[in-house]
Amino acid sequence: MLKYFFIFLLGLCIGSFLNVLIDRLSKRESILGRSYCPYCKRTLRWYELIPVLSFVFLRGRCRGCKKRISLQYPLVELTTGVLFTATVYYLNLTDKGLVFDISHLISLVCLLFIISCLIVIFMTDLKYMIVPDEIIYPAIVSGIVYQVINWRMARLENWYYPLLAGVVPFLFFLFLVLVTKGKGMGFGDVKIALFMGIFLSWPNILVALSLAFFSGAIIGLILVALKKKGLKSEIPFACFLAPATLVTLFWGEQIVEWYLGII
Ligand SMILES: [Zn+2]
């Protein structure tokens, strides 16, 4: 139990840092300076920076200007904590001799890093409609490292699956962006497609892309029906790609089996 508690705390702290990345990368600010209130620019004290707890004790308001603090901050922290814990629990990584096995340790670090990147991508696309290169390129490298470690551990023969799974969606998305002249999707989505293919490999990439397209279409239609968006307005597609990647990471095999059972 204790290890889950620690990984949850680690997730909360990383989540706090992800909040900084989300806002500062999007606004092209340095990520190094002290944290400040976005309204009154007052530098925050240490006790205002404790993940989730500070938000609760300050009742969601800045101590200086009393403006409401966005729910984004505790939500991103909690999500990171929960996903980190779920990764260690669900993928059962620690019971494979994690501490003594450098391959599993690297594999776990890659997974936690990739989950962090996906959270940032989801939020920056939702909030600012951008996918920062500073996040997606390291995610791609991390996906490659994760696959290389997996090949080494499992001695897979079909080592080119992740490569094909990355390149084919990459070209498909690139084609879509060039044909629609970037009105539907952007180059950020093209890079995410490449990352997803390398990380999820074949056939899971198909699961993830189907999930993203279906959920995107459904939510898009709901928004149009509610008249929140017009038919031609841009939809932040990374907001569907990122969760689809996570769902596939955790349940990809089950979804493939279920699907093969139907046809
Ligand atoms: Zn303030």
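1. Two residues are taken to be in contact if their C-beta atoms, placed from the backbone, lie within 7 Å. On that basis, among contacts in the protein chain between residues at least 6 apart in sequence, 72% join residues at least 24 apart. The model under discussion is a predicted one.

2. Overall composition. The protein chain contains 9 helices and 0 strands. Read from the N terminus, its elements follow the order α-α-α-α-α-α-α-α-α. The radius of gyration is 20 Å, close to the 18 Å given by the globule rule for 263 residues, and the chain is therefore as compact as a globular protein of that length.

3. The C-alpha trace of the protein chain spans about 60 × 55 × 35 Å along its principal axes. Of its 263 residues, 34% count as buried.

4. Helix H3, length. This helix covers residues 72–90.

5. Helix H3, packing. The buried residues of H3 are Tyr73, Pro74, Val76, Glu77, Thr80, Gly81, Leu83, Phe84, Thr87 and Val88. The partners against which the buried residues of H3 pack are helix H1 (2–26), helix H2 (53–57) and helix H4 (102–128).

6. Helices H7 and H8. The axes of helix H7 (residues 187–200) and helix H8 (residues 204–225) come within 8 Å of each other and cross at roughly 140°. An angle over 145 degrees would count as roughly antiparallel, and 65 to 115 as roughly perpendicular; H7 and H8 are therefore oblique to each other. The crossing in which H7 passes H8 is right-handed. On the H7 side the contact is made by Met196, Gly197 and Leu200, and on the H8 side by Asn204, Ile205 and Ala208.

7. Phe250. This residue belongs to helix H9 (residues 238–262). A residue is buried if 20 or more other C-beta atoms lie within 10 Å of its own, and exposed if 12 or fewer do; Phe250 has 14 C-beta neighbours inside 10 Å and so counts as partly exposed. Phe250 and Ala86 are separated by 164 residues in sequence, while their C-alpha atoms are 9.0 Å apart in space.

Notes
Residues numbered from 1 in each chain as written. Predicted model: local features only at pLDDT ≥ 70, side-chain atom pairs only at ≥ 80, totals over all residues. Helix = DSSP H or I, 4+ residues; strand = E, 2+ residues; numbered from the N terminus. Expected span 1.5 Å × (residues − 1). Rg over C-alpha atoms; globule rule 2.2 N^0.38 Å. Axes fitted to C-alpha atoms, helices over the stretch in contact; angles between N-to-C directions. Parallel < 35°, antiparallel > 145°, perpendicular 65-115°, else oblique. Left-handed = near helix turned anticlockwise from the far one by under 90°.
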